[in-house]
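The sequence and the structure are shown first, and the account follows.

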Amino acid sequence: MIINKLLPALVLVFIIAACKKDTPSTSTPGTLTNIPLQTTIQADIPLGAADNFAILAGAGITNTGATVINGDLGLSPGTSVGGFPPGILNGTLHINDATANQSKVDIVAAYDDAKNRTATDIVTLSGNIGGLTLTPGLYKSTSSLALSSGNVTFDALGDPNAVFIIQVASSFTATSGRQVILAGGAQASNIFWQVGSSATFGTTTAFKGTIIAFQSISFNTGATLDGRALSRNGAVTMSGNTITKE
């Protein structure tokens, strides 16, 4: 008799426990899974004379293989530009001339502008950003950042003028085969990556946006960039890449 009276209650407890087990977790410890929408509208980063450059370096440019650059190529200061040919430049080469020197001044200003942007609704990123969808606004990493597992999507939510700024305190690395995907009208020209040290792009990475790095920028074999690679103080190294100014 006692068993018969307890049986319905036991069945109910079992059902509730099963439902809870089947309900997926909304977050994983240490991982940002839900990116909040930001209401602060960010203006783009003015590049001044550097706007026409696909590549601008501060300490040498090196290429091996059949790299194609669509846009200007510049160096300031210095004179060390190697690998063209075999690399193909569909643009103008500026080596320590007035245009390159002014562009260097302008990317210093652009780097500082991007680094010092603030917003009350800034979103903090950490670790690997693969698998995330970022909407317009300002993002910050307090250390290094990577695109190392899965791809990252920039969704402009229907606004082709929407601006994305990603502040990276230290290094940025995109591992082999990773992609930046544009959605909702997002434009590569409106994505700005401020990198506190060096940026490295693995083989066949398909990246988008303007990279303004304090130190070096390196492209491994087959990596592509729609945007700009602007090194404030370091070298830019390429190996059979396609880089198109956007």
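## Salt bridges and their surroundings

Aspartate 51 has a relative accessibility of 35% and therefore counts as partly exposed. The model in which this value was computed is a predicted one. The partner of aspartate 51 is arginine 228, and their side chains meet in a salt bridge with an N to O distance of 2.9 Å. This pair links distant parts of the chain, since aspartate 51 lies in the loop between helix H1 (2–22) and strand E1 (53–57), whereas arginine 228 belongs to strand E21 (residues 224–231), 177 residues apart. Arginine 228 has a relative accessibility of 4%, so this residue counts as buried.

The count of salt bridges comes to 3. Another of them joins arginine 232 to aspartate 112, with the closest N and O atoms 3.0 Å apart. Here too distant parts of the chain are linked: arginine 232 sits in the loop between E21 and strand E22 (236–239), and aspartate 112 in helix H2, 120 residues apart. With a relative accessible area of 15%, arginine 232 is buried, while aspartate 112, at 31%, is partly exposed.

Aspartate 113 and arginine 117 also meet through their side chains in a salt bridge, at 2.7 Å from N to O. Aspartate 113 counts as partly exposed at 25% relative accessibility, and arginine 117 counts as buried at 16%. In general terms, side chains of opposite charge can pair when their charged atoms come close.

| Arginine | Aspartate | N to O distance |
|---|---|---|
| Arginine 228 | Aspartate 51 | 2.9 Å |
| Arginine 232 | Aspartate 112 | 3.0 Å |
| Arginine 117 | Aspartate 113 | 2.7 Å |

## Aromatic pairs

The structure holds 9 aromatic pairs. One of them is formed by tyrosine 111 and phenylalanine 214, whose ring centres are 5.6 Å apart; their planes stand at 50°, so the pair is tilted. Tyrosine 111 counts as buried, at 3% relative accessibility, whereas phenylalanine 214 is partly exposed, with a relative accessible area of 27%.

Phenylalanine 172 and phenylalanine 201 form a tilted pair as well, because their planes are at 50°; the ring centres are 6.2 Å apart. Phenylalanine 172 is in strand E15 (residues 172–174) and phenylalanine 201 in strand E18 (residues 199–201), so the pair ties together parts that are 29 residues apart in sequence. Both phenylalanine 172 and phenylalanine 201 are buried. These two residues also belong to a cluster linked by ring pairs, which consists of Phe154, Phe164, Phe172, Trp193, Phe201, Phe207 and Phe219.

## A parallel sheet

Strands of a sheet pair through backbone hydrogen bonds, either parallel or antiparallel. An open sheet of 3 strands is present in the order E10-E13-E16, and its pairing is parallel. Its edge strands are strand E10 (133–134) and strand E16 (180–183), each of which pairs on one side only. E10 and strand E13 (residues 152–155) run parallel and are joined by 2 bridges. Leucine 134 stands opposite phenylalanine 154 in E13, and Phe154 is also a member of the aromatic cluster.

Technical notes:
Residues are numbered from 1 along each chain as its sequence is written. This is a predicted model: local features need pLDDT of at least 70, side-chain atom pairs count only at pLDDT 80 or more; totals for chains, interfaces and linings use all residues. Side-chain values use heavy atoms; hydrogens and water are left out. Rings of Phe, Tyr and Trp (its six-membered ring) pair if their centres lie within 6.5 Å; planes under 30 degrees apart count as stacked, over 60 as edge-to-face and the rest as tilted. Buried means under 20% relative accessible area, exposed over 50%, partly exposed in between (1.4 Å probe, protein chains only). Helices (H or I, at least four residues) and strands (E, at least two) are DSSP runs, numbered from the N terminus. Two strands pair if DSSP finds at least two bridges between them. A salt bridge is a side-chain nitrogen of Lys or Arg within 4 Å of a carboxyl oxygen of Asp or Glu.
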